[in-house]
Amino acid sequence: MPSLLEISGLTRRFGGLTAVNAVDLRVGEGELVSVIGPNGAGKTTLFNLVTGLDHPDAGKVHFEDEDITGWPAPRLAERGLARTFQHGRVFANLTVLDNVLVGAHTRLRAVKPRIGGVPGVAALAELALALVQPPSVTREERALREEALGIIALFGERLAPRIDNPAYSLSYANRRRVEIARALALKPRLLLLDEPTAGMNESETAEMLEIIRTLKARGQTILLIEHKLDLVMQLSDRVVVLDDGSKIAEGQPEEVRNDPRVIEAYLGHRHVGGLVQEAVAA
Ligand SMILES: Nc1ncnc2c1ncn2[C@@H]1O[C@H](COP(=O)(O)OP(=O)(O)OP(=O)(O)O)[C@@H](O)[C@H]1O
Ligand SMILES: [Mg+2]
């Protein structure tokens, strides 16, 4: 399977703490790889390094054989990496539909040739287009809207009746759904989800599992951080386990589940959001 993402020796230190310690990780085209590990293991820091929100002290990130180490976040988004955040990030004052359209517009900017190559000229040209609204622009807007509605439909009745509501008025779970919808509107080559079910109840979690399963069935490549082991076991092609910044295990879900080092890592930590019990049960 050709590699889409290839991380090697990635390291990030905060003072005396090594949050991510020489981590190697690869994600093949169409694969779903999960990153698990106790609180503070370095999972979110790893995502931040890959998506340009933070810079590594050492190591490399390659995407489709291109060295993307240290690229800024917007350039990475245009390159095909989209992520969601552990605590959810949406544009609170925009409607559900507009939040998703932001994702679609980001993608369009990436595919459109820049006019004249001079930023000022390009901005003026865009302004002129916005004022005149030639048929091609309105057609494009309509197409984007249809596409956004299609993505929103993935979330069924949760979002569809609320497309004109501002994001701030939504429940926490719905804001998280909007965030995923916006990431999908980028049509990412790689979707990175940081604990998409955090704060969700059992039925909301089951719904999210189905959505991720649907995305995977459509061929979406996904890197997933998740604490709910049951979900990880059902969805993952491969599981990577981090502890104290280092990769301590990697393999098929069942292998990892029964790995004594993994059970030990979970048992050694007190606050692991329900994982201890599952690790013990395994
Ligand atoms: N900006 C920062 N400055 C200093 N320390 C940080 C910073 N970001 C993260 N850390 C530390 O790095 C370690 C890894 O944090 P990280 O958020 O990556 O863990 P995590 O695996 O995502 O944990 P959780 O499961 O709780 O989300 C933690 O000890 C954390 O306190
Ligand atoms: Mg985290």
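I take helices (H or I, at least four residues) and strands (E, at least two) as DSSP runs, numbered from the N terminus. My entries concern a predicted model, in which local features need pLDDT of at least 70 and side-chain atom pairs count only at pLDDT 80 or more, while totals for chains, interfaces and linings use all residues. I number residues from 1 along each chain as its sequence is written, with chains lettered from A and ligands numbered from 1 in the order in which they are written.

**Overall**

I looked up the elements of the protein and noted 11 helices and 10 strands. I call a residue buried if 20 or more other C-beta atoms, placed from the backbone, lie within 10 Å of its own, and on that count buried residues make up 36% of the 282 residues.

**Helix H6**

The buried residues include Asn174, Arg176, Arg177 and Glu179. After H6 I found Lys187, with a positive phi near 45°.

**The sheet**

I traced an open sheet of 6 strands with mixed pairing, in the order E6-E7-E8-E3-E9-E10, where two strands pair if DSSP finds at least two bridges between them. Strands E6 (81–83) and E10 (246–251) stand at the edges with a single partner strand each, so one side of each is left without a neighbour in the sheet. On average, neighbouring strands here are turned by 20° against each other, direction ignored, with axes being lines fitted to C-alpha atoms. I followed E9 (residues 238–243) along E10 and noted antiparallel pairing over 5 bridges, with Leu242 opposite Lys247 in E10.

**Ligand 1**

I listed the residues around ligand 1, taking a residue as near if its C-beta atom, placed from the backbone, lies within 6 Å; among them are Phe14, Asn39, Lys43, Thr44 and Gln86. Strand E2 (17–28) and helix H1 (43–50) each supply at least two residues of this shell, and H1 gives the most, with 3 residues. By class I noted 4 nonpolar, 7 polar and 1 charged residues, where Ala, Val, Leu, Ile, Met, Phe, Trp, Tyr, Cys and Pro count as nonpolar, Asp, Glu, Lys and Arg as charged, and the others, Gly among them, as polar.

Definitions and conventions. A residue is buried if 20 or more other C-beta atoms lie within 10 Å of its own, exposed if 12 or fewer, and partly exposed in between; C-beta atoms are placed from the backbone. Axes are lines fitted to C-alpha atoms, for helices over the stretch in contact, and angles run from 0 to 180 degrees between N-to-C directions.
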